[in-house]
Each structure stands twice: as structure tokens, then as C-alpha cells.
Amino acid sequence: MSDIHPGAPDHVPPLVRVGRFLKDNPVIPLIAFLFLLIGILELMRPGIISPFWAGNLIKFAIPLAMLAAAQVLTMLTGGIDLSVGIVATCAAFVTATLTPLMGPVPAMLIAMGVGALVGIVNGFGVGIARVHPLIMTLGTGLIATGCLQVYQRFVIATGSDIPAILEWLGTGRTAGLPNGIFLFVPFAVFVLWLMRFTGFGRLLFALGSNENAAKLSGVRSWQVHMALYVLSGLIASLTGLLYLGMIRAPSLSLAVPLMLPSVAAAVIGGTSIFGGRGSFAGAIVGALILRVIDTMLTLARMPEGARIALFGLIILLVTALYVRFTETR
Amino acid sequence: MSFVQRNAWTLGLIVLLVVLLGVTRLIQPSFGVSGLESLARASLPFAFATAAMAVVVIVGGIDLSVASMMAVCSVTAAVLMETMGGVPAILISLAVGALMGLINGTLVVITRVPDIVVTLAMLFVWQGTALLILETPGGTATPWMRGAITGSVLITGLPSALVVVAVAVAAVWIPVKRSKLGLAIYATGSDEMAAFRSGVAVGPTRAAAYAIAGLFSGFGGLSLLALTGVGEPVPGPYLLAAVASVVLGGVILGGGVGGLLGPIVAVFILRIIRTILTLAAVDPNVTTIVEGTIMVGVVMFGAFLVLRSRRQAA
């Protein structure tokens with residue numbers, strides 16, 4: 001074979017070679033970018049970088065990274081889950097209001113059940129009724145919002161209480177690191193394992209790369225979609241529980257502002273919105289990057305409008321550079 | 001195919017709208033001209049947001065920044081109207097809308113980032129821009145703007161807000177649809193590769209479709225200003241509603257199919273369902289549930305119809 005293109009590798013221009021390397025290892029440039037941002041932050045406000053600050057950064061990146069996991073998994077099949085924000089909020093609200101009535105454990109189980117239920121509806125719509133995931137999850141998000149508002153009417157008098165374990169997870173620190181890490185590390189290992197070493201993960205990649213080919217190879221796509229969206233709902237509920245412990249004030253829009261950033265974190269992390277390519281490690285770095293950008297913009301004391309606008313521009317810039325470098329979509 | 005077959009979905013929607021109007025009349029016998037007028041008025045911003053979204057969906061994309069662009073246009077007009085007359089302020093705001101849409105479209109084309117991601121990022125950009133122009137609700141609206149969408153014109157029972165929507169959308173969309181650009185938009189939406197190989201300038205076509213969407217968002221922002229009398233920098237709940245109406249209106253996500261009439265009829269259907277539920281003394285929160293269910297249900301039903309017709313054809 002080598003005599004057909006003798007010395008072909010020598011003709012690869014360096015930029016293309018860098019591009020190929022980055023394409024194979026998408027996390028490396030992201031981590032470099034993260035440290036570049038942290039360096040700029042240190043220049044802006046010398047002395048800000050401290051173990052405490054790092055702990056805080058990780059603490060607030062965790063819920064974002066968890067929701068981004070739901071986006072990465074659904075995007076692998078070419079889908080998206082826009083109901084995660086409201087599902088997380090529902091889970092948090094249900095837990096907070098049911099804890100005084102029935103104790104923390106049943107309340108948390110019911111909250112997880114809410115996520116699973118929304119996931120089943122999403123899975124039915126996407127997998128069996130073949131509705132576009134964007135529409136389906138928007139719709140279930142709307143329905144869940146309405147249900148939450150009606151539910152709130154019934155429990156308005158019961159008061160709310162936050163399970164001690166969630167408060168410990170959300171606000172406590174062990175050796176400088178937020179306790180949320182005890183939830184997040186096993187979670188991240190599970191997701192990475194699921195994507196890389198299980199048949200289910202392979203099926204997700206297969207469906208996203210070429211759905212018809214996957215079906216012809218005997219994949220029952222509706223079962224995969226069903227399991228996928230239930231998993232996504234469960235992840236969102238879990239995030240809601242953790243976030244409740246962090247914020248300690250249940251509201252009807254608790255985790256909703258995390259929804260669009262979670263999509264952004266997944267996309268910055270190199271997950272293709274068209275399916276077939278994605279990495280959760282990248283999404284974790286993406287979540288950290290978003291949080292650092294947030295801090296930078298807050299420190300710069302700009303008017304709120306400029307901050308929001310710059311946030312959007314930076315997301316666009318990062319993804320555009322990423323696409324340019326790796327020539328992927 | 002006959003006219004009826006080609007427009008079956010839209011005609012069905014119109015029939016549904018008439019039936020729903022009848023139901024409203026049954027529930028509330030006093031529902032008459034003034035009810036119709038306020039219904040049309042409340043639907044205005046939704047209708048323009050939906051028209052904007054529909055154009056982009058037809059070309060095969062999606063624009064998540066519609067509501068933010070509306071906010072920018074609304075505050076621009078509100079600020080301008082403090083110092084200058086209504087007409088130049090409106091024209092400038094519309095130009096700003098079209099420019100924002102063009103920027104969106106150009107970014108989608110040149111960065112090659114998926115449109116959903118670009119417009120997601122631009123959602124933040126335009127939202128921030130609106131806050132920069134006007135930090136808190138303020139500014140002013142020319143008095144005749146409010147007059148233009150209140151009451152009836154020509155004959156009683158024809159709400160002027162409805163006429164405003166019809167004239168604005170028709171004035172922009174009909175010339176576009178009849179032109180080469182319209183053909184290019186539909187071609188690009190149904191099969192980008194085929195369109196490219198047939199000599200359609202795919203990139204400029206997509207950018208133009210986003211610009212038209214921006215222009216409609218401009219109208220939407222102006223109608224918001226006319227409704228409330230102040231410029232509101234925080235985007236309203238128009239994004240989800242617009243996607244829902246577009247899908248209800250028979251425009252298929254992925255592009256190439258549908259028009260603007262269906263989605264706008266769908267806007268009125270969704271609004272009148274809200275009115276009916278309010279008249280029936282249903283909890284307004286339940287209304288949100290019903291809306292979501294209708295949206296999902298109709299889409300499933302549509303998918304079912306497509307499947308069945310394919311089976312019959314096969």
C-alpha cells in the first residue's frame with residue numbers, strides 16, 4: 001500500500017496535522033482554553049485564584065455538567081432534550097414540598113419518578129410516534145411547567161423542607177472540595193462507562209451515525225430511544241435534587257436558567273448536534289469554561305446587557321473555532 | 001393535485017378555527033365583535049413571531065433568537081419615538097430587525113456551526129443588546145400605533161389587528177414567494193444538495209431567509225410596543241409558542257414544506273383555545289398543560305397521517 005502514495009504523510013501541512021490531532025483528542029484544546037481563560041482571569045484580578053475559588057467554580061459547574069450529560073447522550077442519537085431544565089425544577093420542588101409530609105427518602109424517590117415519567121413520555125413521542133425531539137421535549141417541558149404550577153396550588157400551605165443529605169451535598173465542603181463531587185464523580189464515571197464500554201452506548205452512536213443502517217442491523221430504535229429519554233429524565237431529576245441542596249430555596253423556575261447553557265456546554269465540548277459524535281469529558285470542560293466566562297464577565301463590572309451579549313458571542317466564537325479546527329459539524 | 005388536496009392541512013385548520021369560534025360563542029353568548037378584536041390584538045406578537053420562525057423553518061433551519069430580536073426592535077422603537085416621529089422610528093426598527101436577521105443568517109452560513117447553536121448564542125447576544133439599549137421598561141409609543149391595532153376597520157367584526165397582520169405578512173411574503181428567492185428558499189429547504197447542484201446560491205438564500213425572519217421579528221417588536229405602550233427589554237414567551245404554531249401550521253421541521261398562512265391560523269387557534277379555557281373558568285395554569293398537550297398531540301397526529309399516506313401510496 002505504501003508504494004501507491006510514497007511519502008504521503010510528509011505532505012500533510014502542519015496546520016492540518018494539528019487539526020487532525022485536535023479532532024482525535026478534542027478535550028486537549030478545550031483544557032488548554034480553560035487554563036488560558038483562568039490565566040486571563042488572574043491577570044484581570046490578581047490573587048483571585050485560590051483553592052476556595054476553584055472549589056466554588058467546581059461546585060457551580062457540577063449541575064451544569066450533569067444537565068450537559070443529558071444533552072450529550074440525547075445528541076448522540078441526533079436528538080436534544082429541552083425539558084431537562086423544567087424536569088430538574090419539578091424534582092427539586094416536589095422534594096422540597098413533600099419532605100415535610102412523608103420524609104426525605106420517599107420525597108426524593110417521587111422526584112426521581114417525575115423525571116422518569118417525563119422521560120417515558122419523551123421516549124414514546126420520539127421513539128414510537130416519531131416526533132422531532134426538539135418539538136417533543138419542548139412540548140413535555142410546557143406540560144410539565146403547567147403541572148408544576150397546578151401542583152404548587154395544592155401544596156402552597158404545607159411549607160417546604162430540604163433533606164439534610166441534599167444540603168450536605170450542595171453546600172458542604174470536604175478538604176476544600178465541594179461535597180457535590182461525591183455525587184458527581186460516580187455519576188461521571190457511570191456516564192463515561194455507559195458511553196464507551198456498554199452496548200447501549202454503542203447503540204446511541206450507531207443510531208446517531210446512521211439510523212437506517214442501525215435499524216437494518218437489527219437495532220430496535222424505539223427501545224433505545226425510550227431508555228435514552230428515561231435516562232435523560234432521571235439525570236435531570238438528580239441534578240434538580242443537587243441544585244435544590246445548593247440553592248436551598250425551591251422556586252418554580254429554579255433550574256430553568258441552566259437549560260440553554262447545558263446545551264452550550266455540550267456543544268462547546270465537541271458534541272455534534274446532528275448525532276454520532278460526542279464526548280462527556282468535553283462537556284464537563286465545557287461547563288467549567290462557561291462558569292469561568294461567567295466569573296470573568298461579572299468581574300469586568302460591565303452592564304448586565306453587555307455581559308449577556310458577550311456570553312453569547314463567546315459561545316459562538318468557541319464553537320466556530322472548534323468547527324474550523326476539526327472540520328466537524 | 002387539486003387545490004383542496006394541496007391545502008388540506010390549512011383548510012382543516014381554518015375549519016377548526018371556525019368551530020372553535022362557534023364554541024366560544026356557545027360558552028359566552030356575549031362574545032362578539034369586541035371579543036374578536038381583543039383576541040386578534042393579543043395574537044399580534046405571536047403571529048409575527050410565528051411568521052418569522054416559519055420562514056426560517058421552511059429554508060431548513062431554526063431561529064431560537066426570534067423573541068430576543070423582537071425585544072431589541074421593541075426597545076429601539078420605544079427609544080427612538082421619544083425624539084422623532086413614529087414613521088421614521090418604525091422604519092429604522094424594521095431595518096434593525098432585518099439587519100439582525102441578516103447577521104444571524106450570515107453567521108450560520110460562514111461559521112458552518114449548526115443553526116440551532118448559532119441562534120442559541122445569538123439569543124443571548126440580542127437579549128443583551130436589548131438590555132443595553134434600555135435597561136428597564138421605558139420609552140414611549142406614538143399614540144396612533146395603539147389606535148392602528150384597536151377596533152375594527154371597514155366593517156364591524158373585522159379587527160384592525162388582523163388586517164395589520166395580514167397586510168404586513170402579505171406585503172413581505174407574497175413578493176418573496178413569487179420571486180426567484182422564494183423558489184430558492186423552498187428548494188434549499190427540501191434538499192440543500194440538490195438545490196446547490198441545480199445552481200441555487202444556497203448560502204445567500206439561507207441568509208436572506210433569516211433576514212426576512214428578522215424583518216418579521218421587527219414587526220413583532222413593534223406590535224409589542226403598540227400593545228403595551230412601553231419598550232420591554234426582556235424577551236417574552238414567544239419562542240416556544242412560535243415553534244408550536246409553526247408545527248401546528250403544517251410546516252415540517254427540516255424544511256421545504258408549508259407556507260405562512262397555516263402557522264398564522266394556528267396562532268389564532270392556540271389563542272382562542274386559551275380564551276375558551278379562560279371563559280370556561282379553567283385554572284389558567286391548566287391552560288399551559290392543555291397547550292403543551294395539543295402541540296404534542298397534533299404533531300403526533302400529523303406524523304401518523306404522513307405514515308398512513310405513505311403506506312397507501314406504497
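Me: In which helix of chain B does Val176(B) lie?
Reply: This model is predicted. Within chain B, the helix spanning residues 160-178 holds Val176(B), and that helix is α8.

Me: Is Val176(B) buried, exposed or partly exposed?
Reply: Burial requires 20 or more other C-beta atoms within 10 Å, and exposure 12 or fewer. Val176(B) has 17 C-beta neighbours inside 10 Å, and therefore it counts as partly exposed.

Me: Which residues is Val176(B) in contact with, leaving aside its neighbours within four places in sequence?
Reply: Contact here means C-beta atoms within 7 Å. Once the neighbours within four places in sequence are left aside, the contacts of Val176(B) are Leu181(B), Gly182(B) and Ile212(B).

Me: Which residues does Val55(B) contact, leaving aside its neighbours within four places in sequence?
Reply: Val55(B) is listed among the residues with the most contacts inside the largest nonpolar core. With neighbours within four places in sequence left aside, Val55(B) is in contact with Ala209(B), Ile212(B), Ala213(B) and Phe216(B).

Me: Which helix of chain A gives the most to the side that touches chain B?
Reply: The contact draws 40 residues from chain A and 36 residues from chain B. On the side of chain A, α6 (133-155), α12 (259-268) and α14 (304-326) each supply at least two residues. With 14 residues, the helix that gives the most is α14(A).

Me: How many residues of the side of chain A that touches chain B are nonpolar?
Reply: That side also includes 10 polar and 4 charged residues. The nonpolar residues number 26.

Me: At roughly what angle do the axes of α5(A) and α6(A) cross?
Reply: Val118(A) and Val121(A) are among the residues of α5(A) that meet α6(A), where Pro133(A) and Met136(A) are among the partners. The crossing is right-handed. The axes come within 9 Å and cross at roughly 150°.

Me: Why is α11(A) described as largely enclosed by the rest of the structure?
Reply: Helix α11 of chain A covers residues 221-247 and reaches 38 Å from its first C-alpha to its last, close to the expected 39 Å. α11(A) is largely enclosed because, of its 27 residues, the number buried is 19.

Technical notes. Residues are numbered from 1 along each chain as its sequence is written. Chains are lettered from A and ligands numbered from 1 in the order in which they are written. This is a predicted model: local features need pLDDT of at least 70, side-chain atom pairs count only at pLDDT 80 or more; totals for chains, interfaces and linings use all residues. Two residues are in contact if their C-beta atoms, placed from the backbone, lie within 7 Å. Helices (H or I, at least four residues) and strands (E, at least two) are DSSP runs, numbered from the N terminus. Ala, Val, Leu, Ile, Met, Phe, Trp, Tyr, Cys and Pro count as nonpolar, Asp, Glu, Lys and Arg as charged, and the others, Gly among them, as polar. Axes are lines fitted to C-alpha atoms, for helices over the stretch in contact, and angles run from 0 to 180 degrees between N-to-C directions. A crossing is left-handed if the near helix is turned anticlockwise from the far one by less than a right angle, and right-handed if clockwise. A nonpolar core is a set of buried Ala, Val, Leu, Ile, Met, Phe, Trp, Tyr and Cys residues joined through C-beta atoms within 7 Å. The expected span of a helix is 1.5 Å times one less than its number of residues.
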